[in-house]
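Have a look at the structure first, and then read on.

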Amino acid sequence: MNRKYRKTIIAGNWKMNKLPSELKTFSEALKALVPRAKWCEVAVCVPAVMIPGAVRAFKDGKVCVGAQDISAAEFGAFTGECSGAQLADAGAKYVIVGHSERRQNHGETNELINAKVKTALANKLIPIVCVGESLEQREMGVTLEVVTLQIKTILSDITAEQVKKLIIAYEPIWAIGTGKTATAEQAGAVCTAIRALIRGMYGARIARSVTIQYGGSMNGKNAAELLAQPDIDGGLVGGASLDPAEFAKIIMAAQELEE
Ligand code: PEP
């Protein structure tokens, strides 16, 4: 992390878990544990139907709300999808784009993710752009090639000013929901390579300012070590964000490192 140059952001990804009626209890429990995050921004990315309730429930604790997906289209005949304007109007600040579960279960390509990033930015949402390799790709030694291709395609036609506004989440697919975390060195090395790539594409000033998160079985025990890596500026947290106590431990780990 490097608070001098960029924001630290801990974002929960609730996926398709929890009910709207559970928001208040969760937010109160989290607030009791972390009254106000000082140095880092905290967000929870909830199912679209829960966004307005989450905005109300988390307001006091200064926790921001995000969505988990966005339509690439502005409006119209897209049954089941949510537009950027709708998500923003409902109160979302962030939107996860290109999560590996969307790539795997819905065939999302880097080209479609590029279109979604543009729609998110056009609607003043902050995209959390997910990239990462499969276990097979890591074992073949092509992690950096895969991540480079993902980022180059996803950021095509995205200007330097726009890149400054987005977040990149490095999420090795083999570490998501599996309990297998990348070691701090493995995760840190890829995040450093991502920053070097951004430097090559947009220059040093922009690269220094981009928040790069790690995601993949982050929890209260391993968060401090991961977040101590110089190019890991936060976490995208699935399973551990469903439990206020565990999520709070990750937030506290980020805060302690920043102090
Ligand atoms: C995720 O879904 O983005 C994620 C990182 O999940 P988990 O923390 O459960 O591995």
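This report covers the ligand and its surroundings, and then the nonpolar cores.

Keep in mind that this is a predicted model.

**Around the ligand**

There are 14 residues around the ligand, and those that come nearest are Lys15, Glu171, Gly177, Ser217 and Gly238. Sorted by class, this shell is made up of eight polar, four nonpolar and two charged residues.

| Residue | Atom of the protein | Distance to a ligand oxygen atom |
|---|---|---|
| Lys15 | polar side-chain atom | 2.6 Å |
| Gly177 | polar backbone atom | 2.6 Å |
| Gly239 | backbone N or O atom | 2.8 Å |

How much of the ligand does the protein bury? On its own, the ligand exposes 290 Å², and the protein buries 95% of that.

**The nonpolar cores**

Now let's turn to the cores. The largest nonpolar core contains 68 residues, and Phe58, Ile194 and Ile198 have the most contacts inside it. Which helix gives the most to this core? That is helix 9, spanning residues 184-202, which supplies eight residues.

Phe58 deserves a look of its own. If we set aside neighbours within four places in sequence, Phe58 is in contact with Trp14, Leu23, Phe26, Ser27, Leu30, Val44, Val63 and Val65.

Another core, of 13 residues, lies apart from the largest one. Its members include Ile9, Ala11, Cys64 and Ile126.

Notes
Residues numbered from 1 in each chain as written. Predicted model: local features only at pLDDT ≥ 70, side-chain atom pairs only at ≥ 80, totals over all residues. Heavy atoms only, no water. Near = heavy atom within 4 Å. Polar contact = N/O pair within 3.5 Å; in protein donor to acceptor, adjacent residues only side chain to side chain. Areas by Shrake-Rupley, 256 points an atom, 1.4 Å probe, with all protein chains shown as cover. Nonpolar A, V, L, I, M, F, W, Y, C, P; charged D, E, K, R; others polar. Core = buried A, V, L, I, M, F, W, Y, C linked by side-chain atoms within 4.5 Å. Buried < 20%, exposed > 50% of the residue type's maximum accessible area, 1.4 Å probe, protein only. Helix = DSSP H or I, 4+ residues; strand = E, 2+ residues; numbered from the N terminus. Contact = heavy atoms within 4.5 Å.
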